[in-house]
Amino acid sequence: MSYSHLNQPLVAANVHSLVTDILANTICFNEIINQLNELYYPFMTHLNTELFYSQPVVAFVHSTNAIVGDSYPVNVIWDHDKTQHFINMLSCYRNDIERERITFSYQESQNRNNLANYVGNLTTHYSKLLFIRIDLKYAQQTSHHVSIEDFDFHMSKFRELIGNKKTCFEHLQGNAWALEQGGIEGGLHCHLLLIYDGSERQNDWYLAKEVGEKWKEVTAGLGEYYSYHDKERKQQYRQHGKLGIGMIHRDNPQEVENAIASALYLTKPSKSEQQLKLWLPNMRTFGHGIYRTKKRRGLPPISK
């Protein structure tokens with residue numbers, strides 16, 4: 001496998017996976033040598049001290065630096081002895097990596113509780129709501145052109161559009177989003193939930209398509225999307241009694257329960273392998289709208 005085309009998010013994801021595989025003892029020694037020789041130089045080329053990295057990536061940086069010293073990355077060859085030394089050093093970082101995993105799971109649990117309350121309040125307040133679920137990502141053939149800075153910029157612009165509530169976001173009453181990154185593929189993506197006033201918006205398939213096309217526009221054609229609203233997929237959920245997207249009626253408890261369950265996919269404490277492997281300072285990876293606002297009809301005035 002050639003890593004020469006990888007940019008900083010993709011090569012960081014591969015480094016993260018290499019370290020976790022070594023510590024889990026799920027990779028053979030010769031494969032570790034191969035991956036070190038293919039990953040080390042491109043990773044060091046993209047290493048940016050102004051970014052934050054996951055603990056497995058931090059362990060990789062510290063361990064390799066201790067072994068190769070001041071050698072130029074292009075001149076480093078990972079032989080048997082260097083690789084064995086690297087493996088031995090990684091064990092020193094096992095506790096830090098586990099601590100990060102526990103912290104991630106705890107934060108996801110907190111996010112999950114907050115999101116459940118938020119969506120629960122909305123479904124109680126409105127007689128019917130239109131739930132849209134869509135994944136925003138990048139085309140595989142162009143994803144290596146996308147940096148973490150690009151992703152953050154695209155998401156900031158997209159959240160601005162959501163906040164403006166114009167065009168395909170008109171009559172939006174709620175939203176939530178979660179940023180993630182794949183494992184070995186390293187793909188940056190966003191799980192997005194949009195909740196519309198069901199008395200104003202009805203066609204969920206068309207609306208999901210409009211939102212996806214808006215993402216492609218924001219990313220100047222680099223982006224693509226996955227919609228959960230095609231008839232076949234919705235029918236599968238319906239057959240299993242799990243359909244929680246499309247029109248959700250307050251007086252149908254099963255629909256409401258399914259809608260909340262669908263929303264909570266954005267926050268799963270068990271998905272630690274999907275955490276970002278690198279991020280910008282102060283970069284948010286999860287958020288949702290505010291329920292109690294002055295503009296939401298039918299709520300008592302907000303006390304000062």
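Is Arg-101 buried, partly exposed or exposed? Arg-101 is partly exposed, because its relative accessible area is 36%. The model described here is predicted. Its chain has 304 residues, of which 49% count as buried. Nine helices and eight strands make up its secondary structure.

**Confidence**

- The chain has a mean pLDDT of 93, and 96% of its residues reach 70 or more.
- Confidence is highest in strand 1 (residues 52–53), where the mean is 98.
- The lowest confidence in the chain is found in helix 8 (residues 231–239), with a mean of 91.

**Overall dimensions and contacts**

- The C-alpha trace spans about 70 × 45 × 35 Å along its principal axes.
- Of the contacts between residues at least 6 apart in sequence, 75% join residues that are at least 24 apart.

**Salt bridges**

- The structure contains seven salt bridges, and three of them are described below, including Glu-98 with Arg-101.
- Glu-98 and Arg-101 meet through their side chains at 2.6 Å, N to O.
- Both residues belong to helix 5 (residues 94–125), and because they are three residues apart there, about one helical turn separates them.
- Glu-98 counts as partly exposed, because its relative accessibility is 35%, and Arg-101 is also partly exposed, at 36%.
- A second salt bridge joins the side chains of Glu-180 and Lys-271, at 2.7 Å, N to O.
- Glu-180 lies in strand 3 (residues 172–181), while Lys-271 is in the loop between helix 9 (253–263) and strand 7 (278–279), so this pair ties together parts that are 91 residues apart in sequence.
- Glu-180 and Lys-271 are both buried.
- Another salt bridge links the side chains of Glu-217 and Lys-214, at 3.9 Å, N to O.
- Glu-217 and Lys-214 are three residues apart in helix 7 (residues 204–218), which is about one turn of the helix.
- Glu-217 counts as exposed, because its relative accessibility is 56%, whereas Lys-214 is buried, with a relative accessible area of 17%.

**Cysteines**

- The count of disulfides is zero.
- Cys-190 is in no disulfide: the nearest cysteine sulfur belongs to Cys-168 and is 14 Å away, whereas a disulfide would need the two sulfur atoms within 2.5 Å.
- Cys-190 counts as buried, because its relative accessibility is 0%.
- Cys-92 counts as exposed, because its relative accessibility is 59%.

**A nonpolar surface patch**

- Tyr-41, Tyr-72 and Val-74 form a nonpolar patch on the surface, and together they have about 370 Å² of accessible area.
- Val-74 is located in the loop between helix 3 (55–68) and helix 4 (80–90).
- Val-74 counts as exposed, because its relative accessibility is 57%.

- Asn-175 is a residue of strand 3.
- Asn-175 counts as buried, because its relative accessibility is 15%, and the cut-off for buried is under 20%.
- Apart from neighbours within four places in sequence, Asn-175 is in contact with Tyr-118, Ile-162, Leu-193, Leu-194, Gly-287, His-288 and Gly-289.

**Residues with positive phi**

- Most residues other than glycine have a negative phi.
- His-171 has a phi near 70°, which is a positive value in a residue other than glycine.
- The position of His-171 is in the loop between helix 6 (148–164) and strand 3.
- His-171 counts as partly exposed, because its relative accessibility is 29%.
- Asn-282 likewise has a positive phi, near 65°, and is a residue other than glycine.
- The loop between strand 7 and strand 8 (286–288) holds Asn-282.
- Asn-282 counts as exposed, because its relative accessibility is 79%.

Note on methods: Residues numbered from 1 in each chain as written. Predicted model: local features only at pLDDT ≥ 70, side-chain atom pairs only at ≥ 80, totals over all residues. Heavy atoms only, no water. Buried < 20%, exposed > 50% of the residue type's maximum accessible area, 1.4 Å probe, protein only. pLDDT = per-residue confidence, 0-100. Helix = DSSP H or I, 4+ residues; strand = E, 2+ residues; numbered from the N terminus. Salt bridge = Lys/Arg side-chain N within 4 Å of Asp/Glu carboxyl O. Patch = residues over 30% accessible without salt bridge, like charges linked within 9 Å, V, L, I, M, F, W, Y side chains within 5 Å. Areas by Shrake-Rupley, 256 points an atom, 1.4 Å probe, with all protein chains shown as cover. Contact = heavy atoms within 4.5 Å.
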